[in-house]
Amino acid sequence: MFTLNELPSFSEPWNFSDVVLKVEEEHFHVHRAILAMNSPVFKTMFQSEFKESSMEEIPLPGKKADRVYDFLCMLYPFPIQMSENHDIKSLLEMAREYQVHKLTQSCEERLLQKQSSVDLILLAQEFSLKKLLEKCLNSLSRMHLQELKTHPKFEDIETDHLVSLLTNNIRWLKEQHNREIRQLKEQNIREKSQAVAKVNELNECWGYNKLPMRGCACASYTKSCDICNAVLEKYVKTKCGEIIEVLTSGSS
């Protein structure tokens, strides 16, 4: 097993490598068995009826050497974690071309860690990344559509996916609306309870001689006492004011 410090450069023969991939001006010494085991395309290429089966050097036109190096490192059992330094789109392109499904899955797992965006939706569309597409459509449905429409490639979202995005957005808006209604109802119930408590507090003293008197000799409210009546009037006005304040604040 290789460590990160021991990764081969593929620039020269190593560990019985038996074929060379020529990319630009670079030569990658690789193993037919490793390539064939991971890629049905390479497996077919190395079969006897194809000219590549007997070629010692196979050109890969149109490829970038650094991208092929990353691709090969992913095919070999090296202890490599995909990172921000990797060009994931290039890896996906090569994984699709050479039908390396495990690499496609690894790329998708890495992309799932990123924040959802229109760009990721387009990438998921292009490479049929179902998990990534579902995650992005669900996440972006919680945004205002005007924000999404400002993206220069918003119109490139496929119709079916756009419909799904709009459907999820409508569902989210309904949930938000219902949540706000529940909160208002709960707030209204609390405010009504406060008002009822104030009324009950007022009723407790009304007609039951429980109002404490100040400024006169009466032990409790006495109907014939002017001071008792003045204190009661002031108390009632205060409590009524508190009730009105609770009710009006709840309706504002």
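The model is predicted: local features need pLDDT of at least 70, side-chain atom pairs count only at pLDDT 80 or more, and totals for chains, interfaces and linings use all residues. Residues are numbered from 1 along each chain as its sequence is written, and side-chain values use heavy atoms, with hydrogens and water left out.

## Overall layout

The chain has ten helices and three strands. Helices (H or I, at least four residues) and strands (E, at least two) are DSSP runs, numbered from the N terminus. Read from the N terminus, the order is β-β-α-α-β-α-α-α-α-α-α-α-α.

The chain has 252 residues, and 34% of them count as buried. Buried means under 20% relative accessible area, exposed means over 50%, and partly exposed lies in between (1.4 Å probe, protein chains only). Contact means heavy atoms within 4.5 Å. Among contacts in the chain with a separation of 6 or more, 51% join residues 24 or more positions apart.

Three strands form an open sheet in the order 2-1-3, with mixed pairing. Strand 2 and strand 3 stand at the edges with a single partner strand each, so one side of each has no neighbour in the sheet. From one strand to the next, the twist averages 30°.

Strand 1 (residues 19-23) and strand 2 (residues 26-30) pair in the antiparallel sense over five bridges. Two strands pair if DSSP finds at least two bridges between them. Val20 has His29 in strand 2 as its bridge partner. For Val23, the bridge partner in strand 2 is Glu26.

Helix 3 lies across strand 1 and strand 2. Its direction is about 10° from that of strand 2. Axes here are lines fitted to C-alpha atoms, for helices over the stretch in contact, and angles run from 0 to 180 degrees between N-to-C directions.

## The core

Nonpolar side chains tend to be buried together in soluble globular proteins. A nonpolar core is a set of buried Ala, Val, Leu, Ile, Met, Phe, Trp, Tyr and Cys residues joined through side-chain atoms within 4.5 Å. The largest one here has 51 residues, and Phe10, Phe28, Val30, Phe71 and Leu72 touch the most other members. Helix 6 (residues 118-127) gives the most to this core, with seven residues.

Take Val30. Leaving aside neighbours within four places in sequence, Val30 is in contact with Phe10, Ser17, Asp18, Val19, Leu21, Leu35, Leu72 and Tyr76.

Leu140 is found in helix 7. Leu140 counts as buried because its relative accessibility is 3%. Beyond neighbours within four places in sequence, its contacts are Ser116, Ser117, Val118, Ile121, Leu148 and Leu165. The C-alpha atoms of Leu140 and Asn168 are separated by 8.8 Å, though the residues are 28 apart along the chain.

## Salt bridges

Side chains of opposite charge can pair when their charged atoms come close. A search of the whole structure finds seven salt bridges. A salt bridge is a side-chain nitrogen of Lys or Arg within 4 Å of a carboxyl oxygen of Asp or Glu. The table gives some of them.

| Pair | N to O distance |
|---|---|
| Lys63 and Glu97 | 3.1 Å |
| Glu126 and Lys89 | 3.8 Å |
| Lys131 and Glu109 | 3.9 Å |

Lys63 forms a salt bridge with Glu97. Lys63 lies in the loop between strand 3 (57-59) and helix 3 (65-75), and Glu97 in helix 4 (residues 88-97), so the pair ties together parts that are 34 residues apart in sequence. Lys63 counts as buried at 17% relative accessibility, while Glu97 counts as partly exposed at 40%.

Glu126 and Lys89 also meet in a salt bridge. Glu126 is in helix 6 and Lys89 in helix 4, 37 residues apart. Glu126 is partly exposed at 36% relative accessibility, and Lys89 is partly exposed at 37%.

Lys131 pairs with Glu109 in a salt bridge.

## An annotated stretch

UniProt, in an unreviewed entry, places the feature "coiled-coil region" at residues 167-194. UniProt positions are given in the numbering used here, feature names are shortened, and annotations may be inferred rather than shown by experiment. In the model, this span is 100% helix and 0% strand, and its end C-alpha atoms lie 41 Å apart.
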